[in-house]
Amino acid sequence: MKAKLTILALIIMSGVALAAPLKFDFKDPKGINNAGFKLDAPLESINGSASGVYGTVTFDPENPGATKGKITVSTASLIVPNPMQNKHMLSDKWLDAATHPTIVFESKEFKNVQTTGDTTTADVTGTFALKGVSKELTVPVKLTYLKDKLAERVPNQKGDLLVIRSNFTIKRSDFNINPGQFEDKVSDAIEITLSIAGASSK
Amino acid sequence: MKRTLRIIALVLIVGAIAFWAAAGANRGWTKTRVPKKVVDEVTGLEGVQWQDRFVPGVDFLGAALLGAGILAGISIFVPAQSK
């Protein structure tokens, strides 16, 4: 009887373990993860990217709609090709990287979840925090779950990968970044492209 | 001296335009780094690697034009060399 109970407990525990959501770490050892940004003003177009992306996302392959997570971008890692523009962008006149060192998106809810094979698309509602202002945003995301692919990306590490792609637009005026000023050179709309991969080691 | 200053001004303009054109005729601001796209084969993600490279822009041309203008302006006030 005792042996049967032990076996039953083991079966239940293994089932729980299989169903448990996976935690993915988005600190990328290969340095590919990035958040691109584009400002297309009438007189000037500014293109740049940020490489300091990190955070964690909890993803359940059996229930992608329950995904939760927080992705952070280091403000100081934002780069544009012109050194003077870069200095201005990070200064207290614009992003004030010294006072606001991070840009954060924290998900709250997944809606319109559609899964085909390893790919899930959804509209994610969450809190976007930039320059000390937090706003609720809903952004489209595409999640691709790559089971047992971590070893192909990072040698000697077994596990899964989760790729997140998202394109969305914010307004700098919503985040108190010189609202209504210099819009002929620095557009109010900022197009953001997020391309990141996270790893869940086994 | 007068002639030398004007020749230097001309060389400065022509040289700056030639360098700007040879470097890709960038109509934006001068860049000191350029993005290079890299693709991760496993995930298919497209990343950006920044490479240090000087790409002159319109501000570079403007500075060259200003420099040439100053030299040409000075040359006006330089007395012609007597033979």
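## Helix α1 of chain B

Among the elements that cover the buried residues of α1(B) is α2 (58-77) of chain B, where a residue is buried if 20 or more other C-beta atoms lie within 10 Å of its own, exposed if 12 or fewer, and partly exposed in between, with C-beta atoms placed from the backbone. Helices (H or I, at least four residues) and strands (E, at least two) are DSSP runs numbered from the N terminus. This is a predicted model, in which local features need pLDDT of at least 70 and side-chain atom pairs count only at pLDDT 80 or more, while totals for chains, interfaces and linings use all residues. Residues are numbered from 1 along each chain as its sequence is written, and chains are lettered from A and ligands numbered from 1 in the order in which they are written.

The buried residues of α1(B) are Ala9(B), Leu12(B) and Trp20(B). Seen down the axis of α1(B), these residues fall within an arc of 55°, taken from the directions from the helix axis to the C-beta atoms, so they line one face of the helix. On the other side of α1(B), the exposed residues include Arg3(B), Ile7(B), Val14(B) and Ala22(B). After α1(B) comes Gly24(B), whose phi is positive, near 115°.

## Chain A and Tyr145(A)

Chain A holds 3 helices and 11 strands, and its C-alpha trace spans about 80 × 35 × 30 Å along the principal axes. Of its 202 residues, 30% count as buried. Two residues are in contact if their C-beta atoms, placed from the backbone, lie within 7 Å; of the contacts in chain A with a separation of 6 or more, 57% come from residues 24 or more positions apart.

Tyr145(A), which lies in strand β9 (residues 133-146) of chain A, counts as buried because 21 C-beta neighbours lie inside 10 Å. Leaving aside residues up to four places away in sequence, Tyr145(A) touches Phe59(A), Pro61(A), Asp118(A), Asp160(A) and Leu162(A). Tyr145(A) and Phe59(A) are 86 residues apart in sequence, and their C-alpha atoms are 9.0 Å apart in space.

## Where the chains meet

In chain A, 19 residues are in contact with 16 residues of chain B. At least two residues of this side of chain A are supplied by each of β2 (34-40), α2 (83-90), α3 (150-153), β10 (159-171) and β11 (189-201). By class, the side has 8 nonpolar, 7 polar and 4 charged residues, with Ala, Val, Leu, Ile, Met, Phe, Trp, Tyr, Cys and Pro counted as nonpolar, Asp, Glu, Lys and Arg as charged, and the others, Gly among them, as polar.
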